[in-house]
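Subject: Handover of a structure and the findings on it

Dear colleague,

Please find below the structure that I am handing over to you. My findings come after it.

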Amino acid sequence: MIKINQKFSLKTKIFCGQGSLKELKKLEGRTAMIVSDKIIEEIGYVETIKGYLTQAGLSSHVFTDVRPDPDTKVLADGLKMLQQVKPDVLIAMGGGSAIDAAKGILYSTYQMLGDSFKKPYFAAIPTTSGTGSEVTDFSVITAEGDKIVLVNEYMAPDLAILDSDCVASVPRKVVIDTGMDVLTHATEAYVANDATDFTDAMVEKTVRLLFENLPLLAEDIGNEQARNHVHNASCMAGIAFTHAGLGINHSLAHAVGGTLHLPHGRCNALLLEEVIAFNGDLEKSANNYAAKRYAKLAELLDLPARTVREGLVSYIDAVRKLKEQLAIESGFASLGVDEEVYQTAIENMAEAAMLDRCTPANPVKPTKEELIKIYKTVY
């Protein structure tokens, strides 16, 4: 059931559209720290940011040691620079890894220094359309090989800049992986335990935008309209799931991605249909709360949904057809994962998924055995 009595607040100010990066000229302060990675630096975005900050009267210090799946060493190195620089403004630019790293650095510093730490104004600029991290209080950090989900309002950015020019050169594979991550965010938020009318509105718009525009963008990254729509959809899905929660699709993806070092969005995509079928009780009544919600998404897409079961099946088929259109693999075997390695890891991955921060928000409480079954089916 949709929650009625729940807080909905959006801390982050959002600027979107081509050229919105120029909003950096309006920032106030004396010193800024930029958190990014070497690729973004090589492309020239870091210099562009520094130019805008110079016009705003801020000096810049750059930390570009972020790697995919940032770990505790990245946080420690970034924390050291943050303490040295004491910036008035912290800017994260990049994919989810760069923004998550900046969040982790910020939160780690606060944990260490407490209220004596003066929090800098935090701006996030995504260069992929996927994580929604620019508006969430989530951060995924790798610790001793495991992906750990941190959740705290302190990490939510003050400013998000959605400049679609910043995603104009993203490779097709990344467009697909991050786009499917957005669809997973939206689908999970719609059935999550803390969903509200407000999060529903974000999800419903996101789902329509993705089904209409993701195939167009995957075919041609130069399609400006599709690029804007998908970039905005990523942000809206982030707003939805940071309030409503996620679920076992992400828990399972975190575990398998961290164990086998696979792209997060691709893991989500491979798991999505099977998780929808599990949550919607497809093998039995197909008439529970989650099934009814998935059926509503089918109606939204003008798919057959005369009964709840038909709507549930229609939404699963729509996801499957979208994946086929995007040439996504049918399972982890098709992705090249060794069967023996996968089967050996399944039990530990299922245990990790049970403990993941996303699992409690799932509409159906799973058992470890049920998660193992999903892993086996998706191989």
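Predicted model: local features only at pLDDT ≥ 70, side-chain atom pairs only at ≥ 80, totals over all residues.

Aromatic rings

The structure contains eight aromatic pairs. In one of them, the ring centres of Tyr342 and Tyr375 are 6.4 Å apart and the planes stand at 90 degrees, so this pair is edge-to-face. Tyr342 belongs to helix α12 (residues 339–355) and Tyr375 to helix α13 (residues 368–378), so the pair ties together parts that are 33 residues apart in sequence. Both Tyr342 and Tyr375 are buried.

Tyr342 also pairs with Tyr379, and here the arrangement is tilted, with 4.8 Å from centre to centre and 40 degrees between the planes. Because Tyr342 lies in helix α12 and Tyr379 in the segment after α13, this pair ties together parts that are 37 residues apart in sequence. Tyr379 is buried, as is Tyr342. Taken with Phe332, the residues Tyr342, Tyr375 and Tyr379 are linked by ring pairs into a cluster.

The charged end of Lys119 sits over the ring of Tyr154, at 4.3 Å from the ring centre. Over the ring of Tyr190 sits the charged end of Arg293, 3.9 Å from the centre of that ring.

Arg266

Arg266 is located in helix α9 (residues 264–279). Is this arginine, Arg266, buried or exposed? With a relative accessible area of 5%, Arg266 is buried, because the limit for that term is under 20%. Its side chain makes a polar contact with the side chain of Asp177, at 2.5 Å. Leaving aside residues up to four places away in sequence, Arg266 touches Lys173, Ile176, Asp177, Ala327, Ile328, Glu329 and Leu335.

Cysteines

How many disulfides does the structure hold? There are zero disulfides. A disulfide is a covalent bond between the sulfur atoms of two cysteines. For Cys235, the closest cysteine sulfur is that of Cys16, and at 8.1 Å it is too far for a bond. Cys235 is buried, with a relative accessible area of 3%. Cys358 is likewise in no disulfide, the nearest cysteine sulfur being that of Cys267, 14 Å away. Cys358 has a relative accessible area of 2% and is buried.

Helix α8

Helix α8 (residues 248–260) has 13 residues, which at 1.5 Å a residue should span 18 Å; the C-alpha atoms at its ends are 18 Å apart, in agreement with this. Twelve of the 13 residues of α8 are buried, so the helix is largely enclosed by the rest of the structure. The buried residues of α8 are Ile248, Asn249, His250, Ser251, Leu252, Ala253, His254, Ala255, Val256, Gly257, Gly258 and Leu260.

What covers these buried residues of α8? The covering parts include the strands β6 (138–143) and β7 (146–151), together with the helices α5 (172–191), α9, α12 and α13. Among these are helix α9, where Arg266 is placed, and helices α12 and α13, which hold Tyr342 and Tyr375. After α8 comes His261, which has a positive phi, near 60 degrees.

With kind regards

Definitions and conventions:
Residues numbered from 1 in each chain as written. Heavy atoms only, no water. Phe/Tyr/Trp six-rings, centres within 6.5 Å; stacked < 30°, edge-to-face > 60°. Helix = DSSP H or I, 4+ residues; strand = E, 2+ residues; numbered from the N terminus. Buried < 20%, exposed > 50% of the residue type's maximum accessible area, 1.4 Å probe, protein only. Lys NZ or Arg CZ within 6 Å of the ring centre and 35° of its normal. Polar contact = N/O pair within 3.5 Å; in protein donor to acceptor, adjacent residues only side chain to side chain. Contact = heavy atoms within 4.5 Å. Disulfide = S-S within 2.5 Å. Expected span 1.5 Å × (residues − 1).
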